Amino acid sequence: MPISSINQIRLPIILLKIGVPFCLYFFTLYLVKAFPALENRPELSYFIYLPAGVKVLSVLIFGWMAAIGVGLAVFIRLIIFQPEQPWYIWLTVATVGSAILVLVINLTLKGLGIARDLHNLKYRDVVTLALLASVAHGFSYTYVIFVVHNYAFDNFMRESMIIVMGGFFGNMLVIGLLTYFAQHSRWLRQQIQRLNKDSAQQE
């Protein structure tokens, strides 16, 4: 098959792996507006921060390319809601966070012996995966923010743990649902296998 034909086939898959995580991130970010109880009490939506779970979910299903879509979404969100900061600061935050997320998830899957189609992902693994992902994100995000702003590290642990807690419960909820469907849906496992097969061929 000509190289041009191969590239035409791969392009939609690449756009899918980047575009779906991007859209899912913003969808969950604004999902809270559909629930007045959460919108009126933002501390509840932050305690269970669904976008954190979506980031992990995206990397689990779409692989490392999902980090591009997620990182782009995070960058745009920060630019929109905190435009007073230089764009390169938020680009650094988004890039570092996405890279660490991919690294932690891949190492955790390998360490737990979880297959790429997630068919053997157990509920007990959800806790480990959610905890490690939220800890890695919470501390890395806070560290970058403190460094670029030259903040004193007196409150570093407290600020990091706030982000870790919100991310942990968001991860637990989203990954728990993924685990259920991965165990009970053969179609979903086949799609994840196909996506990972495409990634391996591209490499």
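This is a predicted model: local features need pLDDT of at least 70, side-chain atom pairs count only at pLDDT 80 or more; totals for chains, interfaces and linings use all residues.
Residues are numbered from 1 along each chain as its sequence is written, and side-chain values use heavy atoms, with hydrogens and water left out.

The protein chain holds nine helices and zero strands, where helices (H or I, at least four residues) and strands (E, at least two) are DSSP runs numbered from the N terminus. The order of elements from the N terminus is α-α-α-α-α-α-α-α-α. Of the 203 residues of the protein chain, 41% count as buried; buried means under 20% relative accessible area, exposed over 50% and partly exposed in between (1.4 Å probe, protein chains only). Contacts are defined by heavy atoms within 4.5 Å. Among contacts in the protein chain between residues at least 6 apart in sequence, 71% join residues at least 24 apart.

Two packed helices are described by the angle between their axes and the distance between the axes. Axes are lines fitted to C-alpha atoms, for helices over the stretch in contact, and angles run from 0 to 180 degrees between N-to-C directions. For H4 and helix H6 (residues 87–112), the packing angle is about 60° and the axes are 10 Å apart. H4 passes H6 in a right-handed crossing; a crossing is left-handed if the near helix is turned anticlockwise from the far one by less than a right angle, and right-handed if clockwise. The contact is formed by Lys55, Val56, Val59 and Leu60 of H4 together with Leu101, Val102, Ile105 and Leu109 of H6. By class, the residues of the contact of H4 with H6 are seven nonpolar, no polar and one charged. In this classification, Ala, Val, Leu, Ile, Met, Phe, Trp, Tyr, Cys and Pro count as nonpolar, Asp, Glu, Lys and Arg as charged, and the others, Gly among them, as polar.

Helix H4 (residues 50–62) also packs with helix H5 (residues 66–81), at an angle of about 155° and with the axes 8 Å apart. H4 and H5 are therefore roughly antiparallel to each other, and their crossing is right-handed. On the H4 side the contact involves Lys55, Ser58, Val59 and Phe62, and on the H5 side Ala66, Val70 and Val74. The contact of H4 with H5 comprises five nonpolar, one polar and one charged residues. Ile61 is placed in helix H4 and is buried, with a relative accessible area of 13%. The C-alpha atoms of Ile61 and Ile192 are separated by 5.8 Å, although the two residues are 131 residues apart along the chain.

H6 and H7 pack at an angle of about 155°, and their axes are 9 Å apart. The two helices, H6 and H7, are therefore roughly antiparallel to each other, and H6 passes H7 in a right-handed crossing. Residues making this contact include Trp90, Val96 and Ile105 of H6 and Leu129, Ala136 and Ser140 of H7. The contact of H6 with H7 divides into 17 nonpolar, four polar and one charged residues. Leu107, placed in helix H6, counts as exposed at 54% relative accessibility. Leu107 and Leu129 are 22 residues apart in sequence and 10.0 Å apart in space, C-alpha to C-alpha.

Ser140 lies in helix H7 (residues 123–149) and is buried, with a relative accessible area of 11%. A polar atom of the Ser140 side chain lies 2.6 Å from the backbone oxygen of Ala136. Val126 lies in helix H7 and is buried at a relative accessible area of 3%. Leaving aside neighbours within four places in sequence, Val126 is in contact with Met172, Ile175, Gly176 and Thr179. The C-alpha atoms of Val126 and Val174, which are 48 residues apart along the chain, are separated by 9.6 Å.

In helix H1 (residues 3–31) lies Thr28, which is buried with a relative accessible area of 12%. Thr28 touches Leu50, Pro51 and Val54, not counting residues up to four places away in sequence.

Conventions: Angles under 35 degrees count as roughly parallel, over 145 as roughly antiparallel, 65 to 115 as roughly perpendicular and the rest as oblique. A polar contact is a pair of N or O atoms within 3.5 Å; within protein, one must be able to donate a hydrogen and the other to accept it, and residues adjacent in sequence count only if both atoms are side-chain atoms.
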